[in-house]
Amino acid sequence: MADKNTLIADDRKIFFLIGALRSGTTMLRLMIDHHPEISFSGEFEYVTPMISDRGDFPSLQQYYSFLQQDLAFNMEGLNIDESLTFKELCRSFLSQKQKKKNTPFIGSTVHNNFSRIPFIWPDARYIRLTRDGRDVANSFIPMGWAGNVYYGVEHWIESEREWDSFKKTLPPDFWMELKYEDLVENPELKLTQICDFIGVPYDDRMLTYPENTSYSSPDPAYSYQWKDRLSESEIRLIESKIDTILNKHGYELSGLSTLHITPPMRLKLMVQNKVNVWLFKVKRYGYLLPFLEFITRKIHFSRLHNRIQNRINEISIQHLK
């Protein structure tokens, strides 16, 4: 049985990187992980989905089954100690990562349901990274997560709304915000601010991550790519949904005329989204795996569904950058 005292940590030395998918969180995670005093776990999406908004925890057997098919968890190579409670087990995952590097500080990335984190780590701190929603929406398409930019910006909207609500519940010194565009424009300045927030001195090694990862150095050319990559109609579609949020963050609007989305247009966009997402799955995984994944999930055939999902995960890993 694990010594539960080893799982007790100072939550003020635990922090979470919060941001929408495709907002630059992986690059920032790699930067921070190269600091000698900080360990950084990968994406921590295998904790928060299993906690309710009221703080109810799942049964352990339900959670073990969930972990078996979770891509992020299986990539981390973590151990499951069945002697622990759900809360202790979640805390142990960060502890395992922290012990490998033997650092005083530990962080992790969470894209979804991050407002549930305090049910496990009540005094953790948060770094919020925001990117122009038009770039985020565009980058969802080649990932197969959306079939058009109108739906590609949905996750960004949800993330912004959740963060706006969540940060109001936190003490002012428990969180900081920065923009992706500022980070790639002046990485040393922004990383220094992050280090001050965490409580460590800035270290030049944070910018050496391209030496041992597949990610390149920060490049301002990756900012505002939507200006060249999106058509006017796509820009208008996105801005029809997020113009107010863009203004709030200081992002300039395109200046194009406002687009009114009629019910027939919305129906056409919905069908296009579903068809294109399905075609992406078929191209990547073949016809059979997506079909079987859907069927076994709907009829709750857990054992077979886990096997199919793990096969899909294996193929997905081959396409990760």
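Biologist: How many nonpolar, polar and charged residues are in the lining of the second largest pocket?

Modeller: Happy to walk you through it, keeping in mind that this is a predicted model. The lining of the second largest pocket has three nonpolar residues, eight polar ones and one charged residue. The volume of this pocket is about 210 Å³. Among the residues that line the pocket are Met-50, Gln-62, Phe-66, Arg-297, His-300 and Asn-306.

Now for some of the charged pairs elsewhere in the model. The count of salt bridges comes to 15. One of them joins Arg-91 and Asp-11, with the closest N and O atoms 3.0 Å apart. Arg-91 belongs to helix α4 (residues 86-101) and Asp-11 to the segment before β1 (14-18), so this pair ties together parts that are 80 residues apart in sequence. Arg-91 is buried at 14% relative accessibility, and Asp-11 is buried at 7%.

Another salt bridge links the side chains of Arg-134 and Glu-239, at 2.8 Å from N to O. Here Arg-134 sits in helix α5 and Glu-239 in helix α11 (residues 232-248), so the pair ties together parts 105 residues apart in sequence. Both Arg-134 and Glu-239 are buried.

Helix α5 (residues 133-143) also holds Asn-138, which is buried with a relative accessible area of 17%. Beyond its neighbours within four places in sequence, Asn-138 is in contact with Val-149, Arg-229 and Leu-230.

How values were computed: Residues are numbered from 1 along each chain as its sequence is written. This is a predicted model: local features need pLDDT of at least 70, side-chain atom pairs count only at pLDDT 80 or more; totals for chains, interfaces and linings use all residues. Side-chain values use heavy atoms; hydrogens and water are left out. On a 1 Å grid over the protein atoms alone, a cavity is a set of points where a 1.4 Å probe fits but cannot get out, and a pocket is an open set with protein on both sides within 12 Å along at least five of seven lines; lining residues have an atom within 4 Å of a point. Grid points are joined across faces, edges and corners, and a volume is the space filled by probe spheres set on the points. Ala, Val, Leu, Ile, Met, Phe, Trp, Tyr, Cys and Pro count as nonpolar, Asp, Glu, Lys and Arg as charged, and the others, Gly among them, as polar. Helices (H or I, at least four residues) and strands (E, at least two) are DSSP runs, numbered from the N terminus. Buried means under 20% relative accessible area, exposed over 50%, partly exposed in between (1.4 Å probe, protein chains only). Contact means heavy atoms within 4.5 Å. A salt bridge is a side-chain nitrogen of Lys or Arg within 4 Å of a carboxyl oxygen of Asp or Glu.
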